[in-house]
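Here is a brief report on one protein chain. Look at the fold first, then read on.

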Amino acid sequence: MPALFTTGIAIENAHADGIWAACWTKDGSKVITGSNDETIKIWDASSGEMTAQLADSTYAITSLDVSVDETMLLSTSMDNAINVWSLESNTLIKKIPVGAINAWTARFTKDGKKVISGTDKGTIKLWSIESGRELETYDTTRPQFTLSVAISHDNTLLACGSDSGIVSVFNVESGRLKYTLMAHSSAVRSLAFSPSSTLLISASDDGCIQAYDMSSGNNIMSLTGHKGPVYSIAPHPNTSLLASGSQDKEVKLWDLKLKTCVETYNAHSDSVWAVDWQPSERPRLVSAGDDRMVQLYEPLAFR
């Protein structure tokens with residue numbers, strides 16, 4: 001089988017410390033990274049040059065997300081707030097106080113008007129960006145630290161993954177707990193819905209990637225091959241490919257139809273904390289990690 005991607009631009013020493021989060025702007029022109037050095041940087045994806053640096057935290061940046069309309073960036077850190085930035089002016093436009101380490105991870109809702117965040121008490125909070133007020137609490141009924149959250153592309157389901165290995169799925173409209181998935185034997189670091197919203201995929205410190213059918217809650221896939229905790233996953237927007245990054249320094253591509261690994265990349269020299277796909281017809285992949293490097297992968301061919 002011919003290679004699917006090849007390594008392209010590598011931005012070395014992108015931050016002064018390990019990179020824990022990375023994402024594309026929706027137009028695919030820039031990559032945004034967040035680091036343990038307490039800064040957020042924006043990079044031109046064509047040249048690899050830094051175009052902006054944001055800093056409004058005294059702790060490591062733990063997650064990033066870009067709004068659907070491309071106007072805002074969301075960041076969380078180990079301090080006491082969710083920060084919302086303007087991508088047009090690169091300025092902070094909203095600080096939502098949530099309490100210390102009470103939003104390790106957060107995501108925009110699809111309308112871009114609200115934010116979901118996980119807490120250290122086994123709940124998901126829904127926040128208004130305009131008012132900064134809490135709108136809703138989704139309760140897992142378990143005292144657990146939420147390390148990952150996701151919202152389905154059709155905006156009907158919320159999911160959160162905990163340090164105990166449990167994944168909880170909620171109906172957005174009713175607020176009711178739909179599924180409690182005994183997904184993993186240790187912490188769930190990353191969650192993602194498939195582009196069709198029919199699958200929920202989870203990655204864990206146990207080294208496994210699991211996939212669940214959202215019509216039944218049944219586990220339909222278990223992917224193994226990483227030699228350490230899996231810190232990040234990202235479904236390809238147009239194919240059956242899934243990217244994953246791990247403590248084993250590897251980035252893997254999986255074919256969800258074949259249920260197997262189709263490529264492994266060894267561009268990093270330390271743990272890979274973040275992977276994300278450029279949103280386009282032939283998207284590029286980005287990965288970043290503790291080696292302070294941002295690596296871009298160029299598409300060659302698809303099966």
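## Pocket and strands

In this predicted model, β2 (19-24), β6 (61-66), β10 (106-108), β14 (146-151), β18, β22 (230-235) and β26 (272-277) each supply at least two residues of the lining of the largest pocket. Strands are DSSP runs (E, at least two residues), numbered from the N terminus. A pocket is an open set of points on a 1 Å grid where a 1.4 Å probe fits, with protein on both sides within 12 Å along at least five of seven lines; lining residues have an atom within 4 Å of a point.

The volume of this pocket is about 1200 Å³, counted as the space filled by probe spheres set on the points. Of its 42 lining residues, Asp65, Arg107, Leu191, Ile233 and Asp276 are the closest to the centre.

| Lining class | Residues |
|---|---|
| Nonpolar | 28 residues |
| Polar, Gly among them | 8 residues |

Pairing takes at least two DSSP bridges. β18 and β19 (residues 199-204) are joined by 5 bridges. Val188 stands opposite Ser204 in β19.

The protein chain has 28 strands and 0 helices. Buried residues (under 20% relative accessible area, 1.4 Å probe) make up 58% of the 303 residues.

Residues are numbered from 1 along each chain as its sequence is written. Local features need pLDDT of at least 70, side-chain atom pairs count only at pLDDT 80 or more, and totals for chains, interfaces and linings use all residues, while side-chain values use heavy atoms, without hydrogens and water.

Methods
Helix = DSSP H or I, 4+ residues; strand = E, 2+ residues; numbered from the N terminus. Buried < 20%, exposed > 50% of the residue type's maximum accessible area, 1.4 Å probe, protein only.
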